[in-house]
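Subject: A model for you to look at

Hi there,

Here is the structure I promised to send over. Please open it next to this email, and my notes on it follow below.

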Amino acid sequence: MKTNWNSGMDYGFSVVRKMMWIVGVWPLQQNDMLCTLRWFIIFIVEVVTIGNDTVTLWNFLLPSTCLFRGISYSTYKAVFLLQIPIGFILYVAECAHDSFFFAITMHLCGQLELLRIRFVELVGRKANEKNNYRSILSSWIRRHYKLIILAKNIEDSFNLNILIRLLITTIVIAISGMRIIVSIKHQNYTDIVKSMIFVQFFMVQSFLFTHAGETLQKQSESIVSAIYSTSWHELPPIIVKDLIFIMMRTKTPLQLTAGKFFYITRSTTTDILKTSLTYISFLRVTMEE
């Protein structure tokens with residue numbers, strides 16, 4: 001059954017779209033009045049101070065001690081209530097961004113898998129369809145070209161963000177690991193649990209990026225193997241030449257990079273851990289001296 005682009009997006013990206021719709025960053029939404037209102041609420045907020053001269057140090061939902069070191073109780077209540085939707089928006093935006101990247105990259109991998117299956121089934125077509133090999137291949141080549149363009153757009157849109165995320169992950173894991181060591185010496189089990197939660201969160205986040213990059217590379221490479229594994233010797237010579245050109249084009253796999261510096265694969269996760277452990281050892285030695 002054929003489906004159009006909108007129905008496919010509704011089925012595969014419904015959850016991601018709802019999360020991104022909350023903060024107004026769904027790329028396919030129209031710039032209507034509701035979208036403008038969401039941006040207005042996010043970026044323009046008024047904090048009204050009601051007359052109360054009591055000055056003290058308050059604990060906030062989001063760490064803001066440096067900005068609000070001494071404020072009145074009324075201002076504290078306003079800021080605290082304001083931080084609740086801000087924290088929710090930040091959480092939704094973070095999850096929506098990662099989910100959108102992972103979903104659209106895995107959608108691309110799924111399309112490459114379908115294309116690979118079609119190449120495998122090329123030889124097994126019925127006799128009355130063998131005369132249409134050229135037209136069939138031309139449609140598949142156009143489809144593959146569109147997938148290459150989509151992969152390039154994903155790379156251009158997310159490569160710098162991935163680099164920043166991986167750098168932050170490395171630094172946070174190193175600092176959290178050092179914090180765990182210090183907390184164990186002081187028997188501060190609360191900080192140990194907090195640090196372990198931070199490490200786990202950032203490790204899962206980095207795994208989403210590296211797993212998507214690894215899967216995309218393997219799926220793009222599998223097309224070459226699928227074409228080579230078919231009974232290409234049973235095809236007409238002119239079709240074999242077309243398959244050779246397709247293999248030459250797909251010889252360079254589709255890959256995602258971190259800021260155009262290096263490719264991201266599952267081994268990138270182990271590299272992050274190695275770098276973080278190196279920083280932890282350096283910080284531990286520095287503190288002991």
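Throughout these notes, contact means heavy atoms within 4.5 Å.

Two notes on where the values come from. This is a predicted model, so local features need pLDDT of at least 70 and side-chain atom pairs count only at pLDDT 80 or more, while totals for chains, interfaces and linings use all residues. Residues are numbered from 1 along each chain as its sequence is written, and side-chain values use heavy atoms, with hydrogens and water left out.

The overall layout

The protein has eight helices and two strands; these are DSSP runs numbered from the N terminus, with helices (H or I) of at least four residues and strands (E) of at least two. From the N terminus on, the elements run α-α-α-α-α-α-α-β-β-α. Of the 289 residues, 36% count as buried (buried is under 20% relative accessible area, exposed is over 50%, and partly exposed is in between, with a 1.4 Å probe and protein chains only). Among contacts between residues at least 6 apart in sequence, 69% join residues at least 24 apart.

The core

Which residues touch the most other members of the largest nonpolar core? They are Phe101, Phe119, Leu137, Ile162 and Leu243, out of 41 residues in that core. Here a nonpolar core is a set of buried Ala, Val, Leu, Ile, Met, Phe, Trp, Tyr and Cys residues joined through side-chain atoms within 4.5 Å. Helix H4 (73-120), H5, H6 and H7 each supply at least two residues of this core, and H5 gives the most, with 12 residues. As background, nonpolar side chains tend to be buried together in soluble globular proteins.

Two packed helices are described by the angle between their axes and the distance between the axes. The axes here are lines fitted to C-alpha atoms, for helices over the stretch in contact, and angles run from 0 to 180 degrees between N-to-C directions. Angles under 35 degrees count as roughly parallel, over 145 as roughly antiparallel, 65 to 115 as roughly perpendicular and the rest as oblique.

Take H5 (residues 133-186) and H6 (residues 189-229) to begin with: their axes come within 8 Å and cross at roughly 155 degrees. H5 is therefore roughly antiparallel to H6. Their crossing is left-handed, meaning that the near helix is turned anticlockwise from the far one by less than a right angle (clockwise would be right-handed). By class, the contact of H5 with H6 has 15 nonpolar, eight polar and four charged residues. For these classes, Ala, Val, Leu, Ile, Met, Phe, Trp, Tyr, Cys and Pro count as nonpolar, Asp, Glu, Lys and Arg as charged, and the others, Gly among them, as polar.

H5 and H7 (residues 237-249) pack at an angle of about 5 degrees, with their axes 11 Å apart, so the two are roughly parallel to each other. On the H5 side, Tyr133, Arg134, Leu137, Ile141, Tyr145 and Ile148 meet Ile238, Ile239, Asp242, Leu243, Ile246 and Arg249 in H7. That contact divides into nine nonpolar, no polar and three charged residues.

For H6 and H7, the axes come within 9 Å and cross at roughly 155 degrees, which means that H6 is roughly antiparallel to H7. This crossing is left-handed as well. Val224, Ile227 and Tyr228 in H6 meet Leu243, Ile246 and Met247 in H7, a contact with six nonpolar, no polar and no charged residues.

A few single residues

Leaving aside neighbours within four places in sequence, Thr105 is in contact with Ile154, Ala212 and Leu256.

Gln187 lies in the loop between H5 and H6. Its phi is near 55 degrees, a positive value in a residue other than glycine, and at 56% relative accessibility Gln187 counts as exposed. Lys260, in the loop between strand E1 (257-258) and strand E2 (262-263), also has a positive phi, about 65 degrees, although it is not a glycine. At 51% relative accessibility, Lys260 counts as exposed.

Best wishes
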